[in-house]
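Please examine the sequence and the three-dimensional model shown here before reading the explanation that accompanies them.

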Amino acid sequence: MDVFPAFVPLTGRRVGLTGSGEGLAARHRLLSGSPAQIVDLDLSEAADPRSWAGMALGFVADPDPAACAAASAAARAAGVPVNVMDRPALCDFTVPAIIDRGAVVAALGTGGASPLLVSRLRAEIETRLPPGVGRLAAYLDARKDVLRARFPDPADRRVFLTGLLDGDLPQALEVGGEAAADAVLIPALESGAAPPGQLFSLPADTPAELVSLKACRVLAGVDLLVLGEGADPALATLARRDAARATPAAAPPGLVAQRLAEGRTVVLACDPAPYRDAGLVISPLPVAR
């Protein structure tokens with residue numbers, strides 16, 4: 001990971017913009033839907049660190065390199081992270097390609113290495129994020145205290161939410177609004193029923209670059225990844241970051257059966273025979289060939 005992606009909260013905060021031309025207009029469009037207070041500085045003000053005091057972020061866009069350098073230096077002197085359009089040496093952060101769905105924001109970047117490639121990837125991914133996903137995120141956020149009280153363990157809560165999101169809740173919210181969604185959520189909370197666990201397998205010798213799209217999606221939501229001898233270590237990088245990793249010896253069939261009973265998702269990148277012999281139902285994941 002050459003750059004670290006981070007999301008900066010903007011509610012109740014100030015963001016400074018300075019410069020001129022289409023570049024500055026583009027930055028205004030970028031921030032037009034945010035809850036931040038946008039503060040426009042002329043270039044003479046932007047050369048003074050005091051003008052940047054208290055800003056969460058700073059953006060500079062101007063054809064004059066000297067003006068850009070002065071504004072960047074002043075923002076940095078005030079302790080404000082700054083982005084200067086088309087001048088990476090003056091930047092503390094780069095501006096990613098953004099997919100805005102309100103409460104859901106996706107960002108893609110290459111650290112400034114290839115903006116065109118990122119724009120093309122954004123267009124492809126944007127088609128996969130329905131417009132209503134932001135509304136769904138806001139709905140769940142408003143009920144997070146209830147969810148946390150019912151499921152104090154984050155792993156249990158994630159399993160419960162996975163079942164909801166794979167079930168009728170998104171459609172109910174889209175068609176009938178919050179009242180219809182609550183009619184799905186509240187009975188599910190009262191029952192506390194977890195969705196059935198799922199057990200998948202990949203051939204132990206599968207190279208990470210040959211993992212299919214379906215397998216990538218499963219790995220992105222896995223709770224336990226069992227890596228056998230000879231398994232490609234890169235497979236672990238495709239799994240959810242906080243998913244447990246174990247060897248077959250540390251994850252025998254009995255333990256896997258227990259995880260499945262808890263509604264967990266398990267992927268076997270090892271010999272599946274002992275698990276199959278124990279009566280566990282395994283779904284093989286396809287491999288790109």
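The paragraphs below treat a helix, a loop residue, ring contacts and a sheet in turn.

The model is predicted; local features need pLDDT of at least 70, side-chain atom pairs count only at pLDDT 80 or more, and totals for chains, interfaces and linings use all residues. Residues are numbered from 1 along each chain as its sequence is written, and side-chain values use heavy atoms, with hydrogens and water left out.

Several residues of H8 are buried, including Leu169, Leu173, Gly177 and Leu185. Buried means under 20% relative accessible area, exposed over 50%, and partly exposed in between (1.4 Å probe, protein chains only). The cover over the buried residues of H8 includes helix H5 (133-142), helix H6 (144-150) and H7, where contact means heavy atoms within 4.5 Å.

From Asp166 to Pro195 the C-alpha separation is 9.6 Å, across 29 residues of sequence.

The structure holds 2 aromatic pairs. In one, Phe59 and Phe93 have ring centres 5.6 Å apart and planes at 90 degrees, so the pair is edge-to-face. Rings of Phe, Tyr and Trp (its six-membered ring) pair if their centres lie within 6.5 Å; planes under 30 degrees apart count as stacked, over 60 as edge-to-face and the rest as tilted. Phe59 lies in strand S3 and Phe93 in the loop between strands S4 and S5, 34 residues apart. Phe59 counts as buried because its relative accessibility is 4%.

Finally, an open sheet of 5 strands has the order S9-S8-S10-S7-S11, with parallel pairing. Its edge strands, S9 (244-246) and S11 (283-284), each pair on one side only; pairing requires at least two DSSP bridges between two strands. Strands S8 and S10 run parallel and are joined by 4 bridges, and Leu227 stands opposite Ala269 in S10.

Technical notes:
Helices (H or I, at least four residues) and strands (E, at least two) are DSSP runs, numbered from the N terminus.
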